[in-house]
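Hello,

Here is the structure for you to look over. My notes follow below it.

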Amino acid sequence: MTFVVYNSLTRTKQPFRSLEPGVVRMYNCGPTVYSRPHVGNYRAFLFADTLRRWLEYCGYRVEQVMNITDVGHLTDDGDEGEDKLEKQAKKDKLDPWEISRRVAQQFFADLAALGVRQAKVYPKASDHIPEMVEIIEGLIAKGHAYETGGNVYFDVSTFPEYGKLSGNRVEELEAGARIAVREDKRNPEDFALWKSDPAHIMKWATRFGPHGFPGWHIECSAMSRKHLGDRLDIHTGGEDNIFPHHECEIAQTESFTGQPFATYWMHSKFLQVDGGKMSKSLGNVYTLDDVAAKGYSARQLRFALVRGHYGSPLNFTWDALKDAASALEGLDDLVRRLRRASKGDGAAAPAEAGAELLDEARRTFEDGMNDDLNVSRALPGLFALRSAALEGRLGSAVAARALEFLAKANAVLGCIQVEDELLPADIEAQIAARQAARKAKDFKESDRIRDELLAKGIVLEDTPKGVVWRKK
Ligand code: AMP
Ligand code: ZN
């Protein structure tokens, strides 16, 4: 069975085929670093991580890029409102650059704690101003954008396909546009590529004027192009990114390059609280610390967030987390039982007993994942193995093969404890802290943590696939 994905652009499930055989170029919209990402955000990022891991299971090399938005994301997600970072900076009486540095560091520590595989690069918007200016100049030269008083807008009327992702129609957008449409726009639905504002703190002098900052959408067009090229296989985000963010990215990039931008657009549904979106503006958010304070590890949270299908809304409740933790304990226990059974401990079953059951379990897992990453359809394969192991129906040779399969399945799920023993939670936390220190280039601190772990008999090794540990 081939991997089939739901493409938001065509609104159908399509077999996945990469532009270049064996390689997938994937761009994930990352966090806006004005405050620590909440577990809702992590649902979107863990979806991206699971997708990458499944593609790797299928044998692809994945070039993954996730951006950090540190400027230009306004409170209305469009051209109006305050810059989220500058608003937070005023509130906290801090420099926005300082906020972005702190939050990004926290974000990397959270990713490490959640066991997320590292992307090739995490580009920051503010580091890519020349790349944005290059695209904006190109769009002006081709007649897709216009300058007015230091602002530059994309002229939506020059891109007839505008609306193809979201299904929005320009006439409806016009009718729905607020009365107070900015007077300098040619059409109400035109959107900003560059904005002039002398009062902005994070600003740049460019040929458009002495004090300006980029629009949020052009950032992702520029960063994806810089790090992955003109064309992508997959572009992801949460469902709220579809419009205006991704619709505008498509208009800019395709007008600039004259080619299709991403082949597949994939969007995860919201994590909800009491039936509504978990969001900072609604004040109903939980962080990894809140989850830890309730006694749950990042590993248990990860399982709670990835065990459902990303295309269905998910409700965040403590009961759901408790349920996930207990299901995960069942899978940890499966590993321990298989390990014992593979050594023939107390086994009455012949060595090859349960061979068909193992094949069926693998099929269920792979078919579920191939069906648009449907983890909830894939997991019953693992739980069928658990029932068989509990009932002593697996022979030693099959148990050994089942262990290998489970390690592979866990390379996708990333949360079952497949190592010899559970790592004490404090060692897990130290490994995450060391990762965060390395990200922040605080090598003194990262070396200190490494030595401290060594004293406890834990050896860390940095591999291209991340940190692995072993007992001394
Ligand atoms: P932001 O930091 O607002 O730029 O959002 C980062 C990512 O998190 C985007 O892809 C959003 O779509 C996603 N996101 C925001 N809130 C939620 C939520 N409650 N559930 C799932 N994803 C979310
Ligand atoms: Zn983006």
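Start with α15: on the face turned away from its buried side sit the exposed residues K444 and A455. Buried means under 20% relative accessible area, exposed over 50%, partly exposed in between (1.4 Å probe, protein chains only). Helices are DSSP runs (H or I, at least four residues), as are strands (E, at least two), numbered from the N terminus.

This is a predicted model: local features need pLDDT of at least 70, side-chain atom pairs count only at pLDDT 80 or more, and totals for chains, interfaces and linings use all residues. Side-chain values use heavy atoms, without hydrogens and water, and residues are numbered from 1 along each chain as its sequence is written.

S446, I449 and L453 are the buried residues to look at in α15. Down the helix axis, the buried residues of α15 fall within an arc of 60° (directions from the axis to the C-beta atoms), so they line one face. G457 follows α15, with a positive phi near 85°.

Now the second largest pocket. Its space is about 780 Å³, the volume filled by probe spheres set on grid points joined across faces, edges and corners. A pocket is an open set of points on a 1 Å grid over the protein atoms alone, where a 1.4 Å probe fits, with protein on both sides within 12 Å along at least five of seven lines; lining residues have an atom within 4 Å of a point. Of the 33 lining residues, Y34, N41, K84, K277 and K280 are the closest to the centre of this pocket. α1 gives the largest share of the lining, 5 residues.

Regards

Note on methods
Chains lettered and ligands numbered in written order.
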